[in-house]
Amino acid sequence: MTYQNFSLKQLQDIDAAHHLHPFTDHKDLRDAGARIITHAQGPFVYDTEGNEILDGMAGLWCVNIGYGRDELADVAYAQMKELPYYNSFFRCSTPSPVLLAQKLAEIAPKNVNQVFYGSSGSEANDTALRLVRHYWALEGKPQKNRIISRKWAYHGSTIAGTSLGGMEAMHGQLHGAVPNIAHVMPPYAFELKEKGESDHDFGLRAARAVEDAILEAGPENVAAFIGEPAMGAGGVKVPPESYWPEIDRICKKHDVLLMLDEVITGYGRTGEWFAAQRLGLEPDTITTAKALTSGYQPLSALLVGDRIAATLVEKGGEFYHGYTYSGHPVACAVALRNLEIIEREGLIERVREDTGPYFAEALEERLAGHGIVGETRSFGLMGAIEIVSHKDTRKRFDGGGAAAVAVRDHAIAEGMMMRAVGNTMILSPPLIWTRETIDMACDRIVRALDKAE
Ligand code: PLP
């Protein structure tokens with residue numbers, strides 16, 4: 001792509017004139033101008049000014065194998081030459097989605113053996129919502145269609161994704177949500193745990209909020225519970241260990257399906273292929289996207305459990321749902337090679353046995369003691385740093401999330417990309433990070449925190 005003939009200012013002006021960005025205040029963008037990233041290699045991204053920035057977010061939780069993998073470009077090129085596109089509607093298929101589906105069935109929890117493709121996590125959650133409700137209708141229980149979700153959940157930004165999610169600001173702009181979705185308290189101990197309450201008890205209390213919602217609606221009216229294993233975009237809120245086993249028990253007790261949204265946690269981030277395996281869960285649906293291709297191509301896969309798939313196949317009748325790019329041959333070929341690289345390089349074992357524990361320790365030992373840090377937490381290679389003005393009382397800075405935004409901007413100046421969500425800094429590094437990269441990140445984050453203090 002030839003952009004070299006354009007100055008940064010020119011690119012920014014064209015951007016502001018013609019490009020509406022996701023999740024952006026466009027007045028602010030017009031005034032400040034976008035940072036324009038031009039290329040990337042390994043764990044680093046580079047901007048038009050030649051700044052090298054350590055990418056602590058793996059793009060947007062997706063570039064798990066790092067940047068600059070020629071192999072994936074070669075696979076995409078070869079697939080484009082052979083067959084750039086054909087659909088998988090009307091009893092057609094192409095080889096790469098077929099072989100990818102087989103691979104996904106092999107690495108998924110053992111009750112999960114079918115795949116429905118889309119291009120994004122939001123699309124996959126649309127599919128999940130429709131599929132779950134369709135399942136109960138096929139089972140002769142069309143009234144069993146209420147979904148229980150959580151406040152602060154993020155499940156995408158289509159109308160269904162926003163409705164499933166629990167972001168207040170997004171709901172405020174929805175102007176007509178998908179009906180019959182309830183949002184209960186999330187397992188966010190840092191803010192919601194009561195004085196004297198143990199993490200264990202808090203986890204059980206948060207799970208019981210789900211049961212209360214099921215009982216309030218009547219279990220005969222509740223289709224499913226949906227949750228991210230650890231809330232990502234909501235601020236890497238990692239539930240206490242007691243939470244998921246209790247949710248599992250509650251869902252089974254009331255015959256409520258379990259939908260896991262693993263758009264962030266899928267494909268190795270937590271030290272297993274899926275967090276479901278780390279948590280010992282056998283969900284009825286698992287939403288995945290992002291790291292399925294390490295972001296090299298847009299692709300999502302809704303992994304569907306045997307219970308739903310069996311009904312769909314045995315009862316028959318068309319499921320009136322799908323996307324032009326469901327099972328896109330190029331994206332699926334890239335995904336297959338991406339999964340091969342993750343396996344070949346032992347990236348999941350590395351997170352489980354080495355970098356995951358080291359990351360947790362580094363956050364705790366290097367950052368948690370800082371004067372404006374209230375807590376650090378992590379789940380595999382995703383992490384959070386809570387920004388506070390008073391460590392002992394956990395009081396936040398005035399100005400909403402302004403302090404966290406300041407930390408983010410100082411961090412970028414120090415060569416470190418993090419995100420600010422409310423009062424929380426979040427990290428989601430590529431799985432190729434080593435202990436040395438984690439040390440480098442901590443050095444830069446400490447300097448950013450010092451500047452913001
Ligand atoms: N679900 C979760 C848990 C996510 O984090 C995201 C995106 O960050 C989505 C769904 C939506 O995915 P997409 O942005 O690909 O539509």
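Predicted model: local features only at pLDDT ≥ 70, side-chain atom pairs only at ≥ 80, totals over all residues.
The chain has an average pLDDT of 97, and 100% of its residues score at least 70. Within the chain, the lowest confidence falls in helix α2 (residues 26-32), where the mean is 91, whereas the highest is found in β9, at 99. For the complex, the predictor reports an ipTM of 0.99 together with a pTM of 0.97.

The chain is split into two parts, of which domain 1 is made up of residues 35-65 + 346-452 and domain 2 of residues 72-344. The centres of domain 1 and domain 2, taken over C-alpha atoms, are separated by 26 Å. Contact between the two involves 26 residues of domain 1 and 23 residues of domain 2. On the domain 1 side, the elements that contribute two or more residues to this contact are the helices α3 (58-61) and α15 (347-367) and the strands β11 (373-379), β12 (382-387) and β15 (424-427). Helix α15 gives the most to the side of domain 1 that touches domain 2, with five residues. By residue class, that side of domain 1 comprises 14 nonpolar, eight polar and four charged residues.

Three of the strands that contribute to the domain contact, β11, β12 and β15, also belong to an open sheet of four strands, which has the order β11-β12-β15-β14 and antiparallel pairing. Because β11 and β14 (419-421) stand at the edges and each has a single partner strand, one side of each is left without a neighbour in the sheet. From one strand to the next, the twist averages 25 degrees. Strands β14 and β15 are joined in the antiparallel sense over three bridges, and Ala420 stands opposite Met425 in β15. Helix α16 (residues 402-413) packs on this sheet, where it touches β12, β14 and β15, and its direction makes about 175 degrees with that of β14.

A further open sheet is formed by seven strands in the order β4-β10-β9-β8-β7-β5-β6, with mixed pairing. Its edge strands are β4 (112-118) and β6 (181-184), each of which pairs on one side only. Neighbouring strands of this sheet are turned against each other by 20 degrees on average, with direction ignored. Within the sheet, strand β8 (residues 257-261) and strand β9 (residues 285-288) run parallel and are joined by three bridges; on the β9 strand, Ile286 is the bridge partner of Leu260. Strand β9 is also the element in which confidence is highest in the chain.

Key:
Residues numbered from 1 in each chain as written. Domains from an automatic or database assignment. Contact = placed C-beta atoms within 7 Å. Nonpolar A, V, L, I, M, F, W, Y, C, P; charged D, E, K, R; others polar. Pairing = 2+ DSSP bridges. Axes fitted to C-alpha atoms, helices over the stretch in contact; angles between N-to-C directions. pLDDT = per-residue confidence, 0-100.
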